[in-house]
Amino acid sequence: MHAPIRMPGHWFDELAAGGGSVEAIGFLAQGERSRRLLLIGELLARLEERPALLGPADLGAIWGTVERAEARKPGSAEELLTGPQVGSWLAHTLRRLHGAAAGPPLWVDAGHLAAVALVAALRAGTDADLVVPAREGAVSLPVLGLARLPGAPLLGFQPVHARVREGELHLAPSARGTGATALSLRPLTAPPSAVWWPTHRLPVRPGGPEVALDDTDPYRDLDRPIPPRRLTPRELAIWQRLFTEAVALLDTSPVPAPAPGSDATPDSGGTGPGAETDTRPGTLRPEEIRRIVPWPGRLPNGPVEGLSASTADAFGSMVVAEPPNAAALAETMVHEFQHSKLGALLHLFAMLDDDRAEEHYAPWRPDPRHLPGLLHGAYAFVGVAGFWRDRIGDRAADPLDLAPFRFALRRIQTRTVLRTLATRAALTGPGRRLVAGLTRTVDGWLREPVDGPAVARARAAAAGHRAEWRLRHLRCADEECAGLAAAVRSGTPLPPTRPPRLLPAAERTHWQDVRGALYLRPDAGAARDVMDATDPATDGAPDTAPLHADVLLVHGEAASAREAYREQGAAAPGDPHLLAGWLLAHTALHPGHRRLLARPERFAAAVEGEGPEMWERAAQRLAAPEAPA
């Protein structure tokens, strides 16, 4: 019997602070190995019960190939089986068997196990004779690449005979008369060609570990299988350059000194000698990344720049849109590896009740989130905040001096979410320990002095996003709405505050925080100072372009901004972007009215159906101290 996995408490605390030593992350990898082998055991048991699921393939031949490879070269097959390429496929296939996912014919998904076995044989130097699935005439070999049968392409899904002898792979179509011909190649050494697309490799350092840049594996996405999308030579060169530069940034992360008068330590949670470099949140050893998947397509709502994603099924793997620069790629790698770390922790420890109600505020998203999503977001953005904290004053990595704002913004936003988790989530013992560790890290950062203007912009950006989110997603109770409108019109007492209701998903619209982007780069809005708010190109579309009023507000011209929002509000009554902007400008002029930003949906209810001429009257009324009941 195997001994239970037990994590030393100090390793858990390193991870709970947002960082993690080599040993702590190695423990997570071992936990993922154990979980993966259990899932493979479940898949094999199901395939033994229902061998027809493999179609023309034979489970005995497949697993015998894996066992011979492992016997010839111990550890090689296990390394393959525990890698992210197999993890993504395995999770998808088990979901198929449980009826929780869709995809190609089931024998294609299940039969991919034969392709895994082929790779094991190739890497170990053993023989194999198997039937593997082909998609449009192409056979995917996890980790290695994609082999394409020459001749007329096979349509749909077809079984292909595969033979491995002394490192050479021979593929032959099983059906005659298709026009496709057999293919022989040595996948471990063959150069790229029309019939062989090897997986791209990104070296972490010369002669050292490599990260796969995967554009062919059908299971490289987060859910269902997708076709290959080969990078062009130009795209590949960009990725190679950006990755090399990102690794240089991550390898030279400075260790900031504690702020004067602060009790925060450089590692913010690490212990022992060398903790500054091993456990500090926001750091990443690039060799811990196993695979990067270039974002495989476009989104219906616009560009994908800045988007990334990962799944707990593939530890160390991430899907990333082509970033604009090396710092953006390094930040994304930190962000997504934080998700991998937390996903692995969640496989070991239950942290909270899995409440999937999409109703909570996440400062980095336009939509409501569930509590598990908030926990993932908090953990990821602790890493992001630490990344930018390390780059304050580093003009080589941050030539535009944006790190102070980014650090200040993320520490504010993350603390907001940690407060929600501490007060709203049903946390377990490990969950409370994790949230407490993250909170200690962020509270220490909040005591560190940062450039004053950057902090002011970060606070304004955080307040603006929260106010607009509430205006777009929350509504006052009906009886409260009626009482608010009457109080503003006739001076009757304000109704008591009641919990707001969440707008149904069908009534929500996608939005972008364009005003928040201006706070990051106020100079970027200078060219729009002369923009006419009634320009047909922007009127009615505040989600996609900053308004003249936004530019004025971000530049500190609160009075002019308030008037500009009021003027445009006459043409777009009830627009949440305009209401939020007007409230931000108004509270900048009247700091005593900042309570309006706590419940902006009450302001929206009070002025609903009224013109902007009522906005200031409503603000004065709602911000006045309430008489005791």
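Is Arg365 buried or exposed, or something in between? Select Arg365: this residue is partly exposed, with a relative accessible area of 31%. Buried means under 20% relative accessible area, exposed over 50%, and partly exposed in between (1.4 Å probe, protein chains only).

Some ground rules before moving on. This is a predicted model, in which local features need pLDDT of at least 70 and side-chain atom pairs count only at pLDDT 80 or more, while totals for chains, interfaces and linings use all residues. Residues are numbered from 1 along each chain as its sequence is written, and side-chain values use heavy atoms, with hydrogens and water left out.

Stop 1: A salt bridge here is a side-chain nitrogen of Lys or Arg within 4 Å of a carboxyl oxygen of Asp or Glu. Asp367 is partly exposed, at 25% relative accessible area. The structure holds 32 salt bridges.

**Stop 2: Arg165 and Asp129.** Select both. Their closest N and O atoms are 2.8 Å apart in a salt bridge. The pair links distant parts of the chain: Arg165 sits in strand 4 (residues 157–165) and Asp129 in strand 1 (residues 128–135), 36 residues apart. Helices (H or I, at least four residues) and strands (E, at least two) are DSSP runs, numbered from the N terminus. Arg165 is partly exposed, at 34%. Asp129 is partly exposed too, at 47%.

**Stop 3: Arg280 and Asp390.** Jump to this salt bridge, with closest N and O atoms 2.9 Å apart. Arg280 lies in the loop between helix 8 (275–278) and strand 10 (291–294), and Asp390 in the loop between helix 10 (371–389) and helix 11 (403–424); 110 residues separate them. Arg280 and Asp390 are both buried.

**Stop 4: a network.** Select Arg470, Glu480, Arg599, Glu601 and Arg602. Salt bridges link these residues in a network.

**Stop 5: two helices.** Show helix 13 (residues 452–473) and helix 19 (residues 600–607). They pack at an angle of about 50°, with axes 8 Å apart. Axes are lines fitted to C-alpha atoms, for helices over the stretch in contact, and angles run from 0 to 180 degrees between N-to-C directions. Where do the helices touch? Ala467, Arg470 and Leu471 of helix 13 make the contact with Pro600, Glu601 and Ala604 of helix 19. Contact means heavy atoms within 4.5 Å.
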